[in-house]
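I opened this notebook page to record what I looked up on charged pairs and on helix packing. The entries follow in the order in which I made them.

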Amino acid sequence: MLKEDVLKKLTDCGLVAVVRANNAEEAIKISDACLAGGCTGIELTFTVPGADKVIAALAEKYSNGEMMLGAGTVLDPETARMAILAGANFIVSPAFNAETAKLCNRYRVPYMPGCATITEVITAMEAGADIVKIFPADLYGPKIIKDIKGPLPQAQMMPTGGVDKDNVADWIKAGVVAVGAGSSLTKGAKTGDYNAITETAKEFIANIKAARAELNK
């Protein structure tokens with residue numbers, strides 16, 4: 001899939017589910033539940049045992065492009081290439097890595113590095129990052145988006161960490177193109193309640209749409 005198409009599908013949805021799990025089966029169930037709730041962006045982290053195999057399984061299951069499948073917690077270009085070969089549509093890191101950015105640019109795969117300062121944001125953008133992950137977002141709150149967009153109105157940002165269905169509208173209104181949500185979205189998996197994940201995803205999507213509609217008035 002073309003890089004531009006991946007980015008459009010992710011931003012159109014506005015929600016990327018950060019999937020951490022104890023095993024492959026749990027990871028796939030979480031991903032399925034998120035997709036059922038309208039969340040088309042899935043970030044399968046490399047903290048999941050056998051993450052590349054899980055990515056490959058999901059890529060095969062959703063080979064028609066129903067799911068934008070990303071790899072998360074990617075610390076180096078070797079892991080990024082492994083994820084891409086397994087079928088990942090985008091790469092997410094907790095911090096910026098220049099060699100990972102170079103590799104993703106080589107294969108025209110979106111790279112979303114974690115940044116926490118305006119200097120890091122600029123560095124990531126100069127290296128070709130189309131979307132910068134603001135992480136950990138809960139240390140700053142939505143105000144950081146407006147502060148960064150003051151001197152960098154062209155910055156495309158996605159906060160991750162502490163984003164939930166109740167505050168997601170504040171982030172959207174601050175100017176982000178999407179949000180990443182982990183435990184606030186997927187916590188139902190701890191008790192095996194995957195329906196709860198689906199319902200939470202629906203609430204996230206509804207709140208994102210409502211916030212965007214308000215911005216466009």
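Predicted model: local features only at pLDDT ≥ 70, side-chain atom pairs only at ≥ 80, totals over all residues.

By the rule I used, a salt bridge is a side-chain nitrogen of Lys or Arg within 4 Å of a carboxyl oxygen of Asp or Glu. Arg108 lies in the loop between helix 5 (98–106) and strand 5 (111–115), while Glu4 belongs to helix 1 (residues 3–13), so the pair ties together parts that are 104 residues apart in sequence. Helices (H or I, at least four residues) and strands (E, at least two) are DSSP runs, numbered from the N terminus. Arg108 counts as partly exposed at 41% relative accessibility, and Glu4 counts as partly exposed at 44%. For these classes, buried means under 20% relative accessible area, exposed over 50%, and partly exposed in between (1.4 Å probe, protein chains only).

Residues are numbered from 1 along each chain as its sequence is written, and side-chain values use heavy atoms, with hydrogens and water left out.

I noted that the count comes to 11 salt bridges. One of them joins the side chains of Glu25 and Lys29 at 3.4 Å, N to O. Both residues lie in helix 2, four residues apart, about one turn of the helix. Glu25 counts as exposed at 53% relative accessibility, whereas Lys29 is partly exposed at 36%.

I then turned to Lys202, which forms a salt bridge with Glu199, the closest N and O atoms being 3.5 Å apart. Lys202 and Glu199 are three residues apart in helix 10 (residues 194–215), and are therefore separated by about one helical turn. Lys202 is partly exposed, with a relative accessible area of 40%, and Glu199 is partly exposed, with 42%. I also recorded that salt bridges with shared partners join Lys165, Asp166 and Glu203 into one network.

At what angle do helix 2 and helix 3 pack? I read that helix 2 (residues 24–36) and helix 3 (residues 51–61) pack at an angle of about 40°, with their axes 10 Å apart. Axes are lines fitted to C-alpha atoms, for helices over the stretch in contact, and angles run from 0 to 180 degrees between N-to-C directions. Helix 2 and helix 3 are therefore oblique to each other; angles under 35 degrees count as roughly parallel, over 145 as roughly antiparallel, 65 to 115 as roughly perpendicular and the rest as oblique. The contact (heavy atoms within 4.5 Å) is made by Ala24, Ala27, Ile28, Ser31 and Asp32 of helix 2 and by Val54, Ala57, Leu58 and Lys61 of helix 3.
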